[in-house]
Structures are given as C-alpha cells and as structure tokens.
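I opened the notebook to record what I looked up in one structure.

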Amino acid sequence: MKALVYTDTNEIVYRDEPAPILEPGDVLLKVEATGICGSDMHAYHGKDPRRVPPLILGHEVAGTIASGPHEGIRAVINPLITCGTCEYCDTGLSNLCAQRELIGMRLPGAYAEYTKVPARNLIPIPHQLGFIKASLAEPTATALHALNLARMKSFRPLAELKVLVIGGGAIGMLTALLLKGYGCRDILLAETNDLRGKSAADHTGCRVFNPITDTLEAPDGYDLVLDCVGGEKTRHLAVTAVKPGGIFVHIGLMDALGGLDIRKITLFEITLIGVYCYTAADVRAAVKAIDTGLVGDLTWVETRPLSQGAQAFSDLDNGLTAAAKIVLRPDN
C-alpha cells in the first residue's frame, strides 16, 4: 500500500509500505481522510521521543471498515487504545490509562491507504456525514473534553464568561466554535500567523489579536483562558490574562519549559487544568457536534492528496497556509 512515512527530522516520504497485519480483535480500515495534527508536526521537527522514525504518523482518521462482519460501515477511529480494565478505564477516565497507546505514536498511523485498530475503537458515523468533516472528530473531542473540564470548575455558565483562546490551529478554532455554539459571545483569539488569524476571524466571528505585534487588551481580565499551543510564551500570556479566581486550561504540548507564574496562580486562586486527549464518549459527542453543525460548516479545512503530504507538512511548518487544518486523502 502507499503511505506517507516520517523518516527523519523534517523529512516525510511517500512510498510503498506493507499492508497492516491484523491481530485478534483488530479491524482493517480503508482510510478516506486523515488530518495533520500539531503533534505530528512536533514529531516532524524531531521533538517527540515517542515517535521514532521510520513511522507512519496520523491519528485523525475517518474511513470505511474493509474486513470482517462490519465491512462497509463508515467510521472514525478513537485513536487512543486503552486496556479497558484498570481503575481509570473503569471510572470513565480511560485517557489516563497507564497502558494507553495512540496510533501514529509507537503504533503505525493513518497516513496510508489502510490502517488497523481494535474493533472497540471504531465509532460509526452517520451516512450523511462526509469523511473530511468526520476526520475532525479527534481534535473536536479534545476541545470538547477541555471545555467540559472547564465547565465543571466554573462557578458560572460558559456562556457568561469572558474567554481568551490562545492558538488559531484546529484545536483553537474548534474550541472557539464550540464556545460560540454554547452561547459564549465574549471571545478573544490569539494567533501569531496573520494568515491563520484572518481565517480564524472570518470563520469563528471572534475578535483576533497577534500577541507579537498587539497588546493584550485586558490583563487579569479573563474568566477562562485556554492555551491550545502549550509553549513557554503562550503559558506566560495565559497567566497574564487570567483574572483572580479564573480558570486556565492547558491543552497544547509544544514544550515543557517555563511560563507559569506560580505565585499569581496561588495568590489569586486560579484553577489550572491540564488536558490530555479525550474519552470514547468525547469522540462520540464530537461526531454528533460535527454532524449537527455545532462547529459550523468547517469550510476552513483544506484537503490535499496523500502523495503531496510532504509539501503539506512543509507549508504548515513555514506558515504558508491560512488553513488551521490540512486533511490528506489517499490518491486512489
């Protein structure tokens, strides 16, 4: 089969690879669409020791079951594979399972014509939902998970909060769109790429500012801050922006450097929430959110053939596209 393979730092190669070999309980999925995630870019830069080349990356995937009794069913993958029996899995916190694996990390991913996954990790999608939109279920689930955690810690409904979303990538865009869908109207989005910032303003209707060239309008003034980047500078911006008694949700995993003013967090009783992935319930909810239009029409998503994946990675790396999400589709 044809696949896009991460072979070295800043190197992605389109080439022939062996088809997946199914283990007991596995299902073969014919891939129809796979999104490029920020974590894939992190690996591309050689900054993720868990993703060792050569490796087929990609975990934001939709396709058609190609084998077994459910052949022909359209589905998305919950790419987080867990044990299903530990205390975390038993109590609805499967994303914290100590034995968790993620396709496209240590296991082969979905930048390919076919991929495999345990049958329990497949979630059917409605017949009317297109594969391109469906492939955004994974990042949508991340945004949903983050907002659900924030909702549980907030003293007021999300719709009433003054919110700062940091990052105009897919997670940031989807977070802003979900907040809009929940009735929140006071949302500021921070993005350093002006092409992407304009796209975010056009498609979310949020106010957008560039933290490199613009001044934050309300330091200590945001009830809820969501860092969808997770870098030292974005953490610093988040802590600067959050108000006393506010909530800071950390989603991105760009680096593990500084940026946290722990004194402010302590003295002002700021709630700090770390977010990792999602549960199967979040993925199912994400499919419904996309299908019902809660996250809009998703016209900001760009599609390219899998064979042009190397150029897509390069364009994202160099800020040459306004798209917050590029989805790759097999050429055949």
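The entries below cover ring pairs, a pocket, salt bridges and a few backbone angles in this predicted model.

**Entry 1: aromatic rings**

I began with the aromatic side chains. A pair of aromatic rings is described by the distance of the centres and the angle of the planes. My search gave 2 aromatic pairs in the structure.

I looked at Y44 and F313 to begin with. Their ring centres are 5.2 Å apart and the planes stand at 50 degrees, so I noted this pair as tilted. I then checked where the two residues sit in the chain. Y44 belongs to helix α1 (residues 38–44) and F313 to helix α10 (residues 309–317), so the pair links distant parts of the chain, 269 residues apart. Y44 and F313 are both buried.

Next came Y111 and F313. Here the centres are 6.0 Å apart and the planes are at 90 degrees, so the pair is edge-to-face. Y111 is in the loop between β8 (101–102) and β9 (114–118), while F313 is in helix α10; they are 202 residues apart, and this pair too links distant parts of the chain.

How buried are the rings of this second pair? I looked up relative accessible area, where buried means under 20%. Y111 has 1%, so I count Y111 as buried. F313 has 0%, so F313 is buried as well. I wrote down that ring pairs link Y44, Y111 and F313 into a cluster.

One more ring went on the page. The charged end of R74 sits over the ring of F131, at 4.4 Å from the ring centre.

**Entry 2: the second largest pocket**

Rolling a probe the size of a water molecule over the atoms shows where empty space is left.

The second largest pocket has a volume of about 380 Å³. Its lining is made up of 23 residues. Which of them lie nearest its centre? I found P20, L107, P108, G109 and K116 there. Two elements, β4 (55–56) and β9, each give two or more residues to this lining. The largest share comes from β9, with 5 residues. I also sorted the lining by type: 16 residues are nonpolar, 2 are polar and 5 are charged.

**Entry 3: salt bridges**

I searched the whole structure for salt bridges and got 19. I wrote up some of them.

E32 forms a salt bridge with R329, and the closest N and O atoms are 3.6 Å apart. E32 is in strand β3 (residues 26–35) and R329 is in strand β18 (residues 325–329), so this pair ties together parts that are 297 residues apart in sequence. Are the two partners buried or exposed? E32 has a relative accessible area of 16% and is therefore buried. R329 has 32% and is therefore partly exposed.

D48 forms a salt bridge with R51, with the closest N and O atoms 2.5 Å apart. I checked both for burial, and D48 and R51 are both buried.

The side chains of E160 and R156 also meet in a salt bridge, at 2.8 Å from N to O. E160 is partly exposed, with a relative accessible area of 47%. R156 has 48% and counts as partly exposed.

K162, D186, R207 and E217 are linked in a network of salt bridges.

**Entry 4: backbone angles**

Last, I looked for exceptions along the backbone. Most residues other than glycine have a negative phi, and most peptide bonds are trans.

The peptide bond from P53 to P54 is cis, with omega near -5 degrees. I placed P54 in the loop between α1 and β4.

Which value does phi of E269 take? It is near 50 degrees, a positive value in a residue other than glycine. E269 is in the loop between α8 (262–267) and β16 (271–274). With a relative accessible area of 65%, E269 is exposed.

Phi of L298 is near 60 degrees, also positive in a residue other than glycine. I found L298 in the loop between α9 (280–291) and β17 (301–305). L298 has a relative accessibility of 6%, so I noted L298 as buried. Thus E269 is exposed, whereas L298 is buried.

Key. Residues numbered from 1 in each chain as written. Predicted model: local features only at pLDDT ≥ 70, side-chain atom pairs only at ≥ 80, totals over all residues. Heavy atoms only, no water. Phe/Tyr/Trp six-rings, centres within 6.5 Å; stacked < 30°, edge-to-face > 60°. Helix = DSSP H or I, 4+ residues; strand = E, 2+ residues; numbered from the N terminus. Buried < 20%, exposed > 50% of the residue type's maximum accessible area, 1.4 Å probe, protein only. Lys NZ or Arg CZ within 6 Å of the ring centre and 35° of its normal. 1 Å grid on protein atoms, 1.4 Å probe; cavity = no way out; pocket = protein on both sides within 12 Å on 5 of 7 lines; lining within 4 Å. Points joined across faces, edges and corners; volume = space filled by probe spheres on them. Nonpolar A, V, L, I, M, F, W, Y, C, P; charged D, E, K, R; others polar. Salt bridge = Lys/Arg side-chain N within 4 Å of Asp/Glu carboxyl O.
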